[in-house]
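Biologist: I would like to learn how to read a protein model. Please take me through it feature by feature.

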Amino acid sequence: MKSSNLLFRFFGGLALMAVGLFLLFNRVHVGSGFGGFGGRLGFGFFSIPSGLVVVPFIISIVWMFASEGSFISKIFTVLSVLFILAAIIMNTTFWVDRMTMFDWLLMLVMIFGGGGMVASVLFKESKSDAKKNEEDLEMYKDIAASQAKKASELEKELAAVKKQINNKTNV
């Protein structure tokens, strides 16, 4: 395939995938689950009121200013921010609008068909590469055969030298 065709396939596939993702993302809604659980945040077997996730952050800020920025207070602050982010992510919900089967299949074909086109360009082995690899393999086979021949000749010489040494020591 010519390079212009490969470039067309790559950008065509990228555009197809982008349009499919755009259509899908326009149908997806994102919301928070905090209100749905009566304002409570669930972690495993227990739940806490959702507003309490900021208490460790408040404590860490007070501690950091009171201790003039100790290292442990900074670590506690970072961990409390991570705790808040985890609480937000854990209570994020996604839902998709109703759509026809045709719309759904069209989006999937566009996303995965475009991705397949992009992947076929990125992971394509050209004929010249395959021919070069075949030539390299033949060259390495020839080298291995010549090395094996040299090794057998050396073994014969070594056997002859051993025989000469044995004859001289037996005399």
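Biologist: How many helices and strands does the protein have?

Modeller: Helices (H or I, at least four residues) and strands (E, at least two) are DSSP runs, numbered from the N terminus. Here there are 5 helices and 4 strands. From the N terminus, their order is α-β-β-β-α-α-β-α-α. This is a predicted model: local features need pLDDT of at least 70, side-chain atom pairs count only at pLDDT 80 or more, and totals for chains, interfaces and linings use all residues. Residues are numbered from 1 along each chain as its sequence is written, and side-chain values use heavy atoms, without hydrogens and water.

Biologist: What share of the residues counts as buried?

Modeller: Buried means under 20% relative accessible area, exposed over 50%, partly exposed in between (1.4 Å probe, protein chains only). Of the 171 residues, 14% are buried.

Biologist: Why does Met-99 count as partly exposed?

Modeller: Because its relative accessibility is 23%. Met-99 sits in the loop between strand E4 (92-96) and helix H4 (101-122).

Biologist: Which residues does Met-99 touch, leaving aside neighbours within four places in sequence?

Modeller: Contact means heavy atoms within 4.5 Å. Met-99 contacts Arg-27, Trp-104 and Met-107. Arg-27 lies 72 residues from Met-99 along the chain, yet their C-alpha atoms are 8.4 Å apart.

Biologist: Where is Asp-142, and is it buried or exposed?

Modeller: Asp-142 belongs to helix H5 (residues 127-170). Asp-142 counts as exposed because its relative accessibility is 52%.
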